[in-house]
Amino acid sequence: MSSQRIHTLDVTAQNLKSNARLSLKDQQLRTNMRSAMDSLISKRLISMPDEDERENLRELGNKIKASALSQLPDLLEQLESNLTKQGIQVHWASTTEEANAIVLNIAQARNAKQVIKGKSMVSEEMAMNEHLTEHGIEALESDMGEYIIQLDNEKPTHIIMPAIHKNAQQVGKLFESRLALPYTDDVDSLIQSARSILREKFFQADIGISGVNFAVAETGTLLLVENEGNGRMSTTVPPVHIAVTGIEKVVANLQDTVPLLSLLTRSALGQGITTYVNMISAPRQPDELDGPEEVHLVLLDNGRSQAFADSELRQTLNCIRCGACMNHCPVYTRIGGQAYGTVYPGPIGKIISPHLLGLENTPDHPSASSLCGACGEVCPVKIPIPALLRRLREENVKSPKQQPQIMAGQGSRYSNKEALLWKGWQAFNTKPLLYKTGTFLATRLGQFTPSKLGAWTQNHSAPKPAKRSLHELAKKHLEKKS
Amino acid sequence: MSHLYYNAAPQETRVAKPRKAPRSYPTHKPAHIYLYGTCVVDLFFPEAGMDAIHLLEREGIQVNFPQAQSCCGQPAYTSGYTQQAKDVARSQLALLTEDWPLVVCSGSCAGMFREHYSDLFKDEPETLAQVTALAERTYELSEFLLKVCQVELTDQGEATQVALHTSCSARREMNTHLHARELLNQLTQVERLDHDHESECCGFGGTFSVRMPDISGAMVADKTQALQKSGAQQVVSADCGCLLNINGAFEKQNIPLLGQHLASFLWQRTQVKQEPNT
Amino acid sequence: MSAREKILASLRQSLEGTQPLADPFDASLVDKPWRYCPAERVTRLKELMTAVHSEVHLTRSAEWPQLLHELLTQRQINRLLTAPSTTHGQAFSAYCQIQDSSLKLLAYDRPIEEWKRELFDDVPASFTGTLAGIAATGTLVVQPSPAEPRLMSLVPPLHIALLKASQIYDNLYQAQQAWPRPMPSNLLLISGPSKTADIEQVLAYGAHGPKDLIVLLVEDA
C-alpha cells in the first residue's frame, strides 16, 4: 500500500496542488490509474462504435436533460406528488446538514442500529457515514469498491470505480490486515470473501441507503443502475429504504431514461446495459411478501440551485455521473481522484465542487486543467466542461466585491498584482508601439534571458527569444517583394 | 471547447449547439490572405512564420502581414481575464478590414478566432456579425494549404521518420491532426510514426503550465518520452504553444530531439536547393 | 421557510421569464439502430447473455420442464424455490410429481421476515417467469409480484428464468411501451448474474446477487 496515501476530507480540497504533487510521485498509483483509464477509454469506444449513433444520442441526452432543467421546479413537484401518492415519502434538504438530520430522524424513529449502503455519491457529499457513526449507528458500504476504501478509511477515487487506484495485491493486504483473512491476490476469492461478510450485513440491516440515477416525474419512479446486486439488496432486504439524491436527477418521462441509460452505461463502463436496472415506484404493497415497508426519498440541493441560477453554469447539472470525463482526463489519470480532496473528482468535480463547497474551498480546481477538451468531447450529455472551467476561472479572479455575485467564494484567487499584470499584458498587445519596443528588446536581449524563470523552468529550459521577430522578418521580406 | 457554446437569452436553459457540418472550402485560391503569426511564433519561432509565407507565396498568394498584430487574446481568455482578452481581440479585429482569409500559424490561436471570439462579443451584435464572418474565413495553416490551396508537395529530402503532435484545441476544433497527416503523407520519403497516447494533451494549456507546474510537468514528461520512444528522428507540430512546451522539456531532459513547426518542415522538405530561407 | 419552499422558490426565480423547452424525445434514435427480425432477436439475446456468463438454453413448451429438471440434477441441486400459483410453477411441479422427483420445491408463501434465514442460507436456486426479453442488450424484464417476490431473483445463488421467444422485444424503448401503468412497485431489468470489476477491473461473477443465471428460452411460446 502506498505510504503516501492522502487522507481526503473536504478541507484538503484547498490543497489540490500539494495533494497532486504527492500523488504524482506515487508510481504505483500512476501505473494503476493509467492502465485502468486506458481500458475504460477503449471499452467505451467499443460500445459506441457508430459515430452517428453515438453523436445523435449525445445530442438527445443533452436536450432531454436541458428540457428537464428548463422545468425543474415543476418536475420536482410532479415527482413528489406521484411518489407520495404511491406511498414513498419525500423530504427536501437545502444543506447536507439538513439531509443528515432527515436520515438520522428516520433511523432513530425505527431505532435502527445498522445501515447498509448501496453506492451513493450524494451520501458521500453528506458524509453520511460519519454522521450516522457519530450517533451510534453503523453505516457500512456494500459496493465492493466502496467497501474496500471504507476498510482503508479512504474516500472514493472515482465515482463509478471507487477503488480503481488499488491493485489486487493492495486489496489482498488490506483484507489480511483488516478482516484477518489469509492473504490472496486472487480477485475471485477476494470478492467471495467480501460477499459472504456483506450478505450477513444485508441480512441484519435495519435500513438500506441508496442513491438514484434517474427520478422519473411522470411515473414516480426511482431508477437505479448497478452490476453487483448490492443496490437491489440494500433497497429490498431491510425494512426501510432511504434514497438520497440531488435535485437535478429528475427527468420528465419514463421514455427519457432509455437514451440516458444507454449513454450512462456505455460511457461509464462500455456496457450496453448494467446487470441490474432497478425501478422502484412504491414500498411493499399489502399483498407483497418482501420489499421495504417504508421508502423515503431525500432531495438535496447543496449548492445546486446556485449553479442553476446562471444559465451557463446550469449546464453543470446535466451530469448523469458516468465518469467518462475523468476516464479521459490527462490530469485525473495522473493525480487520481483523491488528490482533488472533493467527493466528485476529475473534470466534473472541478465544475461542480465549487458550487457544493464554494470557490474559497476549491480555489485551484478551475485552474487544474489544460483545457484540452477531452472531457467535453466524451460527455454523454454534452456539458461544455472546458467552457465552464474557463467561466469559473473568471469568477475566481474577479474582485470579491464585484456585483452581481454569482458564486460563493467569488474572487478567491483575486490578486491585485496579477490583475495588474494582465492589464499590462493588455496594453502591450493593444498598443503597437509598446509591442514593437517590447519584442525588439526581447529579441535583442534574448541571450540575457535568465536560466531560472519561476515555475516554467521547473520542467523546461528557459526559452530563448529569436534574434529577430517575425514582424521584422516579414516586413523586410514583404517590402523587398513589392 | 465552446463549440458547445449556445447563444441564448440570458436565463434560458441552454442546449448544446448541433454538430457542425463538415466545413466547405472555397473552390479557388484567393489572391490575398492575412497571415496571423501569433505571439509565440513572433518571438520564439519566427522562421516558422517565414516558412509559412514562403509556402503560401509559392501557391501564388499575396501574403499580407498587418504589422500591428500582436496576440489573439487567448492567454487572458483562458485565464479568466475576459475583459482584457476582449480588448486585445478588438484591437486585432480592427486590423483585419479586408475580407481576405485569415491564415493562422498556430492551431489553438486559429481556434480562438474561429470558436471563441463569438463568445467574447456575444453581447455586441455588430461586432458579433463581424467575428462570425471572420470565423468563416479563418484557417489554420495546414488546413488552408491542404483544403484551399490543394497544395501538391514534392518531397526533395532524405528518407526520415517523423512523429506528429497536434494541439488539443486544433485537433478538436479544426481536425488539424488529419490535415497535417495528409500533408505529411504527400511527402514520399517521410514516414509518420504513431506515438503512445498520441491524442493526449502535452500539458501546455497556456498559463496552466505555470500555475500547475507539477501536473503539467508530469504530462509533458510523458509526452516527450512517448515521442522519443516512437523512434522518430523528427518531431513536428502545427502549434507553437505545444512546441514551446515540448522543446523546452526535451532540452531540460537532455532528449536529443527538437520539435519543428510543420511549416518549416514542409518548406525544407520541398526545397530543391537548400537555400537559406530569408 | 421550509427547505422545500426555499429550493423551489430559488429555482423558479432562476427560470423567470423562460418557457420550458419542448419535449425533445426522438424515438427513432433509440429504436431504429436496435431493430431485429424475430430469428435475430433470439440469437442476439442468447449471444449477449452468454457473453456475460449466463446460460441460455433454447427449448420448447413441452420440453422445458424436463430440461430444467436435468439442469438441476447436473448441478446436484435438490431444493428449488418456485411459485406454485403461476402457470410455469404448476407445470414444473406437475412434471416433478410424474417423475417422482426427489427435488424439493419450496414456495415463497410467507412474508420475508418469517423465513429470511432460510432464504439466505438454504435456498440454492430459484425459478421465475419473466415479463419480457430485450434483444438489443440481452436483457430480461422481470416484474416481481406476490407470487414471485423481489428477492426471488436476487438472493439464491442460482436464478433460472423462463422466457418466451414471442415476448422478446427489439429494444428497451419497445419493451417499455408494454409496461403496466401505474408502474408496479418494483420492475427489474436483469442482464446476467451479478458481477463486479471493482478490483483492478478484473471481472468477477457472483458479487452480491446470483452467481449464475440460466435462461430457458421457449421458442414456440
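Two residues are in contact when heavy atoms of theirs lie within 4.5 Å, and the exercises below apply this to chains C and A of a predicted model.

**Exercise 1.** Find how many residues of chain C are in contact with chain A, and state how much area is buried between the two chains.

*Solution.* Begin with the contacts: 74 residues of chain C are in contact with 100 residues of chain A.

**Exercise 2.** Describe the polar and charged pairs between chain C and chain A, and say which element of chain C gives the largest share of its side.

*Solution.* Across this interface there are 43 residue pairs in polar contact, and the count of salt bridges is eight. For a salt bridge the nitrogen must lie within 4 Å of the carboxyl oxygen, and the side chains of C:Arg150 and A:Glu288 form one at 3.5 Å, N to O. Among the elements that give two or more residues to the side of chain C are α1 (3-14), α7 (172-177) and β9 (186-190), and the largest share, nine residues, comes from α1(C). Sorted by class, this side has 41 nonpolar, 17 polar and 16 charged residues.

**Exercise 3.** Work out how strand β9 of chain A is joined to β9(C).

*Solution.* Strand β9 of chain A, residues 276-280, is joined to β9(C) by five bridges, and the two strands run antiparallel. To place one residue, note that A:Met279 stands opposite C:Leu187 in β9(C).

Methods. Residues numbered from 1 in each chain as written. Chains lettered and ligands numbered in written order. Predicted model: local features only at pLDDT ≥ 70, side-chain atom pairs only at ≥ 80, totals over all residues. Heavy atoms only, no water. Buried area = accessible area lost by both parts, 1.4 Å probe. Polar contact = N/O pair within 3.5 Å; in protein donor to acceptor, adjacent residues only side chain to side chain. Helix = DSSP H or I, 4+ residues; strand = E, 2+ residues; numbered from the N terminus. Nonpolar A, V, L, I, M, F, W, Y, C, P; charged D, E, K, R; others polar. Pairing = 2+ DSSP bridges.
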